[in-house]
Amino acid sequence: MKKIILSAAVAAMAFSTSAVAADKGIDIDVSGQAAVFYETHDDKGPNGLFDESNSVGAGGIQLNLGADLGNNFTFGSQLTYLSTLGLEKNLVDNGAQLASAGAGVNDNTVSELALTKIFIAKKIGNTTLKIGRQELPASLAPLSFSEGDSVFKNTFDAIVAINTDIPDTTVVAGYVSKGTGKANLGTSGDLPSVAGGIYMLTAQTTVIPMTTLTATYYEAKNVLGTIPTVVTPTGGVSASAYWVDAAIAPKDLPAGLTFGLQAGTISPDGATTEDTKAYGVKVGAKVEGLTFTAAYTSVDGDAKTQVAIRNLGTNGRTPLYTQQVLNQDAIALDSDTILIGAGYDAGDIGNFAVSYTMSEVGQHNGLVNTTTTDKDHTELDFVYKVKSGGIQYAAIVALRDVDN
C-alpha cells in the first residue's frame, strides 16, 4: 500500500508584551501565536490529493499570560482557540485537533476554546517546583513529551520538580496524571494508555567532556491493553522503563561530526508479558550549509504481549532516532530501521530537508501486523521551512510504502 501525505502549516509571528499591574506591582508578560494547518492524503483510493474527503485542516490562536507574583512565585497560563475556519465548506472533511476529527465535520464549522496551560511555580534555592497543566520537553521526558506535529502542542497535568544543585547537571522529578489530548485539545482526561499515571525521574549532565548524557526512569501505573501497548490484561499492569541518550560532539573532527547513542527497556509486571528492549545509533555531519544524518534503531519483539517504545502520554510518536512523519507504528516494536537524511540552509530562501527510512517489521509488531508475515515499511519525507515577513511557513511531503 502506498500513501502520500502533504501537509502545510503557517504560523504568524509570535508577539509579546509586558506590563505592570499598578495596584499590586506584579509584572505581567503576554505573548502568543497564530497558526493555520492543512493536510491532505492519497491512500490509493478513489479520491486523491487535495480532495475534500481526504483532507483535514484547522487554524487557531494561542494567548500566553504569565506573571511574577513575588517571593519566587510565578504563574503561567495559555488560552487556545481552534477552529475549522470554514475550510470544511469546500476544502476539508475534518478538523485537526478538534473533537470533530475522525467523525466528519459535515459542513459545520467547529470551534473550541481550551485552557491548554495553567500552572504555578515556586523556586526554593536551586529547585523549582511547577504544578499544573504544562508542556513537557522530549529532551527530559522521552516517554511522556508534548508533541508538535499538528496545529499546536498538547499539554499535561503534571507536578514537576527541577533541581540544579549538582554542577553541570539538571535533575527532574515528575508525576504526570492527565493530558489535554493530542487529537483533541479541548479535552482533558486520563492518559490514553496509562490510566494510573506516570512517575518520572530524569538526570541530564554535561560533566563528561563534549557529551550531553540523559538518563530517565519511568514507573507507569495501570498500563492498559491499547496502543501503544500490546499488553493483553484488560485491567492493565504496572510497567517500569529506562531510557538513556548520549549526544556526543567531539571538537576538531572533520565535517563537524557528531554522534548519538540511545537505549532503553520497558518491563511490564504482568506474568504473561515480555520486556521490550531498544537501542539506536546516529551519526551527523555538517559542511557549510549542508547537514547529513545516518541512524539505525532496533526494537525487539518476541511476543505480542510486549509494550511498544513510544510516547505513553499520547499514544503517538517515539523517542527513536528514526522517527519520521508517519512511521511510528512501524518502528516502535519488533523492527529494524535505517535512516539517511540531508538538509540545506539556503538563508533567506529557506531550509530544505529530505530523509528516507527503511524498516523491516517483524510478525510480533502488533501495531501494524495482523498476520504472521513480516512487513516492510519505507518512507521518504521532504520538508521545507522559511520565515518571511515575520511569518514562518512549513510544507511537508511524506511518501510511505507498506508491503502487505
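## Salt bridges, a buried isoleucine and a negative patch

In this predicted model, isoleucine 309 lies in the loop between β17 (290-299) and α1 (328-331). A search of the whole structure finds 5 salt bridges, among them one between arginine 310 and aspartate 329. On the surface, a patch of negative charge includes aspartate 374.

**Isoleucine 309**

- Isoleucine 309 has a relative accessible area of 1% and is therefore buried, the cut-off for that class being under 20%.
- Beyond its neighbours within four places in sequence, isoleucine 309 is in contact with Trp243, Ile266, Thr276, Ala278, Val299, Thr318, Pro319, Leu320 and Ala332.
- The C-alpha atoms of isoleucine 309 and aspartate 329 are 9.6 Å apart in space, while the two residues are 20 residues apart in sequence.

**Arginine 310 and aspartate 329**

- Side chains of opposite charge can pair when their charged atoms come close.
- Arginine 310 and aspartate 329 form a salt bridge in which the closest N and O atoms are 2.7 Å apart.
- This pair links distant parts of the chain, since arginine 310 sits in the loop between β17 and α1 and aspartate 329 in helix α1, 19 residues apart.
- Arginine 310 is buried, at a relative accessible area of 2%, whereas aspartate 329 is partly exposed at 26% relative accessibility.

**Glutamate 135 and lysine 117**

- A salt bridge joins glutamate 135 to lysine 117, with 3.6 Å between the closest N and O atoms.
- Here too distant parts of the chain are linked: glutamate 135 belongs to the loop between β8 (127-134) and β9 (156-163), and lysine 117 to strand β7 (residues 111-124), 18 residues apart.
- Glutamate 135 is partly exposed, with a relative accessible area of 29%.
- Lysine 117 counts as buried because its relative accessibility is 17%, and buried means under 20%.

**Glutamate 219 and lysine 221**

- The side chains of glutamate 219 and lysine 221 form a salt bridge with an N to O distance of 3.7 Å.
- Glutamate 219 has a relative accessible area of 16%, so this residue is buried.
- Lysine 221 is partly exposed, its relative accessible area being 32%.

**Negative surface patch**

- Asp336, Glu360, Asp374, Asp376 and Asp403 make up a patch of negative charge on the surface.
- Aspartate 374 is found in the loop between β19 (351-361) and β20 (375-388).
- With 45% relative accessibility, aspartate 374 counts as partly exposed, because exposed means over 50%.

Technical notes
Residues are numbered from 1 along each chain as its sequence is written. This is a predicted model: local features need pLDDT of at least 70, side-chain atom pairs count only at pLDDT 80 or more; totals for chains, interfaces and linings use all residues. Side-chain values use heavy atoms; hydrogens and water are left out. Patches are made of residues with over 30% relative accessible area and no salt bridge: like charges are joined within 9 Å, nonpolar side chains (Val, Leu, Ile, Met, Phe, Trp, Tyr) within 5 Å. Accessible areas come from the Shrake-Rupley method with a 1.4 Å probe; for residues, only the protein chains shown count as cover. A salt bridge is a side-chain nitrogen of Lys or Arg within 4 Å of a carboxyl oxygen of Asp or Glu. Lys and Arg count as positive and Asp and Glu as negative; His and the chain ends are not counted. The place of a charge is taken as NZ of Lys, CZ of Arg, CG of Asp or CD of Glu. Helices (H or I, at least four residues) and strands (E, at least two) are DSSP runs, numbered from the N terminus. Buried means under 20% relative accessible area, exposed over 50%, partly exposed in between (1.4 Å probe, protein chains only). Contact means heavy atoms within 4.5 Å.
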